[in-house]
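Biologist: I am new to this structure and would like to go through it with you. Could you take my questions one at a time?

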Amino acid sequence: MHSLTQAPFLSLAGISKRYGGVRALANVDFACQRGSIHAVLGENGAGKSTLIKIISGVVQPDEGTITLDGHAVTFPNPQAANAAGIVCIFQELSLMPDLSVADNIGITSPPRRFGLIDRRAQRRRAEELLARVGCEDINPLMRVRQLPLSRRQMVEIAKALGRNPKLLVLDEATSALTAADVDKVYAILHGLRDAGLSLLYISHRMHEIDALADTCSVFRNGQHIDTFAKGARTEEQIVQMMIGREWRNVYPPKPVRNERPAPALELRDIGWEDRLSGISLTVGRGEIVGLGGLDGQGQRELLLALFGVLRGVSGEIRINGERRRISSPAEAKHEAVGMALIPEDRKTEGLMLPMSVRDNISIAALGSMTHGIVVDRARESARIEEIAAKLKIKFGNIGDAVATLSGGNQQKVVIAKWLLTGARIVLLNDPTRGIDVGTKQEIYQLLRDLADSGTAILFYSTDYDELIGCCDRVLILYDGRIVRELEGADITEANIVASSLNLSLDAAKAPHA
Amino acid sequence: MLKSIDRPTLIASSFIVIILLAGTVYTVITQGNATFIEPAYLLQQLKIAAFLGIVAAGMMMVILLGHIDLSVAWTIAASAMLATAVGGAWAIPVGLGVGLAVGLVNGIGVAFLRVPAMIFTLGVNAVLRGLMVMLTGGFAPQADATKFMIWLATGRPLGIANSVLVWAVISAALVFMLTRTPFGRYIYAVGNREAATYLSGINTRLVLIGSFVICSMCAALAGLLIAGYSSKAFQAMGDAYLLPAIAAVVVGGTNILGGQGRYSGTIVGTILIVLLQSVLSVAQMPEAGRQVIYGLVIIVMLLVYGRGSVVRA
């Protein structure tokens with residue numbers, strides 16, 4: 001149908017790009033065809049983002065040529081790439097939260113009448129585009145701020161379609177979608193492909209690539225390793241190409257327990273506004289307990305309530321059997337509680353991006369590294385070095401801004417920050433979102449090691465595989481309540497999916513029976 | 001070692017040299033002397049700079065947080081007026097007490113009530129002005145500064161004016177705080193990303209309140225010194241310090257959006273502003289022209305900095 005010999009729509013030849021001393025891309029040749037979904041795979045820092053930025057005119061290559069539809073082109077800025085029909089949907093959402101959905105969709109070229117924005121036409125257009133992505137339920141006059149993350153991502157896709165792309169680039173564009181939306185997006189992308197568009201698709205989720213891509217290219221360390229048709233390589237081979245080392249079992253083995261460990265964290269009847277009600281659970285020492293369910297069923301709120309961020313939380317929290325009131329993160333961090341939260345969005349909630357790796361790692365534990373009122377710099381450096389080595393955080397210089405690190409390493413910095421406080425209860429809010437497989441694997445191992453040393457872990461993930469692979473028990477939330485607890489061999493994808501939809505487990509088993 | 005001096009400090013320092021050289025060329029041609037590079041002149045300028053320097057030092061703490069304090073103008077005046085009105089041994093504690101009170105109000109307004117600092121401190125400034133007019137009936141206060149206040153501002157037992165020494169002590173204390181204590185680190189952290197700092201289990205409200213208190217107390221102290229220098233408090237005595245203080249901090253390389261900046265920059269920025277004002281007035285530039293040049297210099301310097309490091313946020 002689309003052989004590799006056909007003249008490509010876009011091709012890059014000999015593209016190189018350096019940022020200071022870091023080589024982001026080295027002599028890369030790359031081509032993508034019309035009517036094809038082309039997946040680009042690679043760990044964070046492999047050069048995928050730089051590739052996308054060059055294609056979309058955000059940065060200019062140091063060397064090499066770009067050919068579009070048979071003509072040599074240069075894109076001095078994103079507008080030039082846009083004009084040539086290259087449209088990007090980036091990992092970081094580019095919507096303006098206080099503008100309406102319709103305003104956002106029409107932001108680049110709003111329909112005009114007498115030189116003024118024609119709001120009615122703009123609204124109609126937004127409605128059409130939203131209908132095209134199967135989101136008729138989104139009111140175009142609503143502010144983007146009021147939409148949950150997964151809906152915003154759909155708006156982002158609608159906005160991109162509104163610019164009539166010839167080449168659509170999706171950079172981790174599905175990482176925040178719910179399972180139901182993912183299917184819709186797949187259908188849309190397949191439709192676009194059949195209409196002759198080129199699609200470049202970047203994702204860390206292997207099964208998405210399986211379901212979606214026609215062609216795959218693997219990048220590693222700024223180099224193009226291989227391009228092949230879907231199905232030509234096994235999953236193991238692909239992963240090995242990406243990480244350049246032997247691929248072992250992703251998830252560390254779970255310990256076998258005969259009895260429940262002593263509870264470190266107990267919740268009784270936790271409620272908050274109309275988002276959480278009657279939540280009771282325990283997390284034992286050394287246990288990894290997963291929170292599952294559809295996105296937005298109160299999992300995030302539960303973690304924030306525990307960490308003292310939300311006001312007006314009812315119910316009882318017991319730490320090691322003693323009742324505690326936690327009304328701020330400072331109290332949650334305090335020795336008597338010893339809690340840590342790895343937040344959802346590392347860029348805005350986890351890190352001070354312009355500050356150094358060192359300052360970010362030590363900020364939470366700084367109070368415990370003082371001599372009188374002075375920070376004990378020697379002790380600070382020693383502990384930072386120790387934890388950075390333990391987590392294998394890769395950085396040029398400890399004084400570099402944490403913004404210069406790859407996503408996976410940034411997340412490791414967030415985790416390192418909390419490990420330094422000596423937390424005994426660790427709450428994680430979807431910690432592997434947008435992180436490469438290699439780092440994910442390291443994080444899974446780290447969580448298990450922490451648990452083995454007696455830490456209690458409460459782990460929310462939107463990725464069912466993770467819940468199945470990592471957790472000793474999984475609690476499924478639905479509409480702010482725990483609807484099911486799964487343990488041991490019962491933690492299966494079928495059971496999680498059924499429970500997430502608040503079906504009985506028999507319903508899930510029925511088709512297999 | 002070059003890395004330990006940051007770019008804005010270097011640029012501002014070079015600019016100071018340029019101002020002095022240009023001024024000297026002018027005076028040599030028109031008056032046949034080189035006033036601007038005589039030690040006596042420079043020491044005199046340092047003495048004047050101390051007042052602005054102390055206000056700017058406090059202002060920097062608040063700007064590092066990404067906030068601003070527009071109430072320093074009447075904090076200066078209120079501190080000076082109440083201190084001279086009370087007089088005696090209580091003059092200094094009363095003046096500093098005014099600073100503490102204003103700082104607490106500002107800090108609580110920003111940290112708890114979450115009113116944007118620009119609006120809240122502007123309101124506080126207006127309230128202070130109203131209170132002072134009520135107190136004095138709008139006339140110049142009659143009470144004189146105490147002997148100690150005068151000595152603190154103009155005495156020179158160590159060969160250098162005490163006001164300069166006070167500025168040096170405050171500067172040393174703030175540098176120590178910013179670079180060596182957790183509180184200093186938290187100020188930068190809040191300025192970079194308050195949410196991340198809060199979620200790191202840090203009491204960000206305390207950081208906000210503490211910084212506003214430092215700012216207002218610096219302004220109050222400056223008020224006491226200025227009253228000592230002119231041996232009286234007077235209406236609107238702080239108005240001439242608000243914008244120059246902000247300019248000194250920003251010209252010194254502190255990011256107006258918070259999170260970045262070195263204290264050394266604020267010192268250099270203060271000296272730059274004071275010399276610029278002085279050279280322009282000695283050159284008998286008409287007031288209107290002075291304002292134009294003064295404003296242009298600040299804008300140009302900020303443009304120069306903006307070319308440098310762009311940090312993704």
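This is a predicted model: local features need pLDDT of at least 70, side-chain atom pairs count only at pLDDT 80 or more; totals for chains, interfaces and linings use all residues.

Biologist: How many residues does helix 5 of chain B have, and how far does it reach?

Modeller: Helix 5 of chain B covers residues 117-136, which is 20 residues. From its first C-alpha to its last it reaches 28 Å, close to the 28 Å expected at 1.5 Å a residue.

Biologist: Which residues of helix 5 of chain B are buried?

Modeller: The buried ones are Ala117(B), Phe120(B), Thr121(B), Val124(B), Asn125(B), Leu128(B) and Met132(B). Seen down the helix axis, these buried residues fall within an arc of 140°, so they line one face of helix 5 of chain B. On the other side of this helix, Ile119(B), Gly130(B), Val133(B) and Met134(B) are exposed.

Biologist: And what do the buried residues of helix 5 of chain B pack against?

Modeller: They pack against helix 3 (72-86) and helix 4 (91-111) of chain B.

Biologist: Let us turn to helix 7 of chain B. What span should it have, and what does the model give?

Modeller: Helix 7 of chain B has 19 residues, 162-180, and at 1.5 Å a residue it should span 27 Å. Its end C-alpha atoms are 26 Å apart, which agrees.

Biologist: Which residues are buried there?

Modeller: In helix 7 of chain B, Asn162(B), Ser163(B), Val166(B), Trp167(B) and Ile170(B) are buried. They lie on the same side of helix 7 of chain B, because the arc they cover around the axis is only 145°. Val169(B) and Ala172(B), on the other side of helix 7 of chain B, are exposed. The cover over the buried residues includes helix 2 (39-64), helix 6 (147-154) and helix 10 (204-230) of chain B.

Biologist: Where does chain B touch chain A, and with how many residues?

Modeller: In chain B, 22 residues are in contact with 26 residues of chain A. On the chain B side, the elements that give two or more residues are helix 8 (182-192) and helix 9 (194-199). That side divides into ten nonpolar, eight polar and four charged residues.

Biologist: Now for chain A. Into which domains is it divided?

Modeller: Chain A is divided into domain 1 (10-243), domain 2 (262-338 + 424-434 + 451-513) and domain 3 (344-422). The centres of domain 1 and domain 2 of chain A, taken over C-alpha atoms, are separated by 34 Å.

Biologist: Is strand 11 of chain A mostly covered or mostly open?

Modeller: Strand 11 of chain A, residues 215-220, is mostly covered, with five of its six residues buried.

Biologist: Which strands does strand 11 of chain A pair with, and in what sense?

Modeller: Strand 3 (residues 36-41) of chain A runs parallel to strand 11 of chain A, and four bridges join them. Here Val40(A) stands opposite Ser217(A). With strand 12 (residues 223-229) of chain A, strand 11 of chain A pairs in the antiparallel sense over six bridges. Thr215(A) has Ala229(A) in strand 12 of chain A as its bridge partner. The hairpin of strands 11 and 12 of chain A has two residues between the strands, and Asn221(A) takes a positive phi near 50° there.

Note on methods
Residues are numbered from 1 along each chain as its sequence is written. Chains are lettered from A and ligands numbered from 1 in the order in which they are written. Two residues are in contact if their C-beta atoms, placed from the backbone, lie within 7 Å. Ala, Val, Leu, Ile, Met, Phe, Trp, Tyr, Cys and Pro count as nonpolar, Asp, Glu, Lys and Arg as charged, and the others, Gly among them, as polar. The expected span of a helix is 1.5 Å times one less than its number of residues. A residue is buried if 20 or more other C-beta atoms lie within 10 Å of its own, exposed if 12 or fewer, and partly exposed in between; C-beta atoms are placed from the backbone. The arc is that of the directions from the helix axis to the C-beta atoms. Two strands pair if DSSP finds at least two bridges between them. Domain bounds come from an automatic or database domain assignment.
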